[in-house]
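Here is a short tour of one protein model, written for someone who likes to know the cut-offs behind each term. Please keep the viewer open as you read.

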Amino acid sequence: FTGTRGIGKTTVSRILAKSLNCTGVDGGGGVTAHPCGVCQACTEIDADRFIDYVELDAASNRSIDDVRDLRDTVAFAPVRARYKVYIIDEAHMLTREAFNALLKTLEEPPANVVFVLATTEPHKIPETIISRCQRFDFRRPQVRDIARLLATIVERENARPDDERGGPRIAIQEAALEEIARHSQGGFRDAIGTLDKLITYSDGAIKPADVLNLDQLRSTLRG
């Protein structure tokens with residue numbers, strides 16, 4: 001999976017893991033393009049508690065020893081799932097020795113194991129690795145797509161009972177949602193993070209000016 005930061009590579013890897021391991025609402029489902037979101041596999045993957053879904057951050061676990069430790073677990077069958085899913089985030093950060101240690105596993109992976117390599121810099125992945133993968137390039141979403149997602153988040157939050165929401169209903173102008181989307185530069189994660197900050201610190205309905213003020217504050221802090 002390749003694409004800019006915050007575009008959804010890790011999120012899609014989780015959806016893939018759920019699709020492969022979902023058992024359906026009645027427990028009798030199989031591999032599906034539409035995971036139910038409520039079975040044990042789906043809920044545990046969402047909660048980072050699914051033992052057969054493993055995320056490795058290659059930015060801080062990039063050595064040959066880290067890959068060897070991961071590779072040693074590949075030989076074992078899934079504990080409860082149909083498939084064990086490993087995602088190596090920021091995969092381009094692995095050392096050359098680590099890539100070499102991983103290569104043999106990618107050449108002959110067990111039938112019940114799926115590897116996902118996520119990266120913002122695919123040109124740094126060795127060709128020997130690339131040639132053994134299916135590549136999916138994530139394109140930047142349009143401003144309207146991000147704004148639509150933010151509107152959905154606000155709608156769902158406002159639909160929650162008062163005792164669950166933990167605060168007043170969220171009031172935000174449509175133009176403010178579009179402003180957040182523009183400033184996120186195609187990053188879903190950055191857009192959601194900005195919305196969360198505005199909800200926390202804004203007094204009253206959130207307006208486009210509030211988004212601009214937050215962006216100016218960030219620029220000042222970075223400077």
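The report below covers the model, its sheet, its cores, a helix pair and one serine.

## About the model

This is a predicted model, in which local features need pLDDT of at least 70 and side-chain atom pairs count only at pLDDT 80 or more, while totals for chains, interfaces and linings use all residues. Residues are numbered from 1 along each chain as its sequence is written, and side-chain values use heavy atoms, with hydrogens and water left out.

## The sheet

Let's begin with the strands (DSSP runs of E, at least two residues, numbered from the N terminus, as are helices, which are H or I runs of at least four). Three of them form an open sheet in the order 1-2-3, with parallel pairing; two strands pair if DSSP finds at least two bridges between them. Strand 1 (53-57) and strand 3 are the edges, and each has a single partner strand, so one side of each lacks a neighbour in the sheet.

Five bridges join strand 2 and strand 3 in the parallel sense. Within this region, lysine 84 lies opposite valine 113 of strand 3.

## Two nonpolar cores

A nonpolar core here is a set of buried Ala, Val, Leu, Ile, Met, Phe, Trp, Tyr and Cys residues joined through side-chain atoms within 4.5 Å, where buried means under 20% relative accessible area (1.4 Å probe, protein chains only). The largest one has 20 residues, and Ile88, Leu94, Leu102, Phe115 and Ile129 have the most contacts inside it. Helix 3 (64-74), strand 2 (84-89), helix 4 (96-107) and strand 3 (113-117) each supply at least two residues of this core, with helix 4 giving the most, six residues.

Beyond four places in sequence, Ile88 touches residues including Leu56, Leu102 and Val116 (contact means heavy atoms within 4.5 Å). A second, separate core has 16 residues, among them Ile172, Ile180, Leu198 and Val211.

## A helix pair

Helix 6 (residues 143-159) and helix 9 (residues 188-201) pack at about 45°, their axes 10 Å apart; axes are lines fitted to C-alpha atoms over the stretch in contact, and angles run from 0 to 180 degrees between N-to-C directions. The two helices are therefore oblique to each other, a class left after under 35 degrees (roughly parallel), over 145 (roughly antiparallel) and 65 to 115 (roughly perpendicular).

At their contact, Ile146, Leu149, Leu150, Ile153 and Val154 of helix 6 meet Phe188, Ala191, Ile192 and Leu195 of helix 9.

## A buried serine

Is serine 19 buried or exposed? Serine 19, found in helix 1 (residues 9-21), counts as buried at 10% relative accessibility. Not counting residues up to four places away in sequence, serine 19 touches Gly30, Val31, Thr32, Ala33 and Pro35.

Terms used. Buried < 20%, exposed > 50% of the residue type's maximum accessible area, 1.4 Å probe, protein only.
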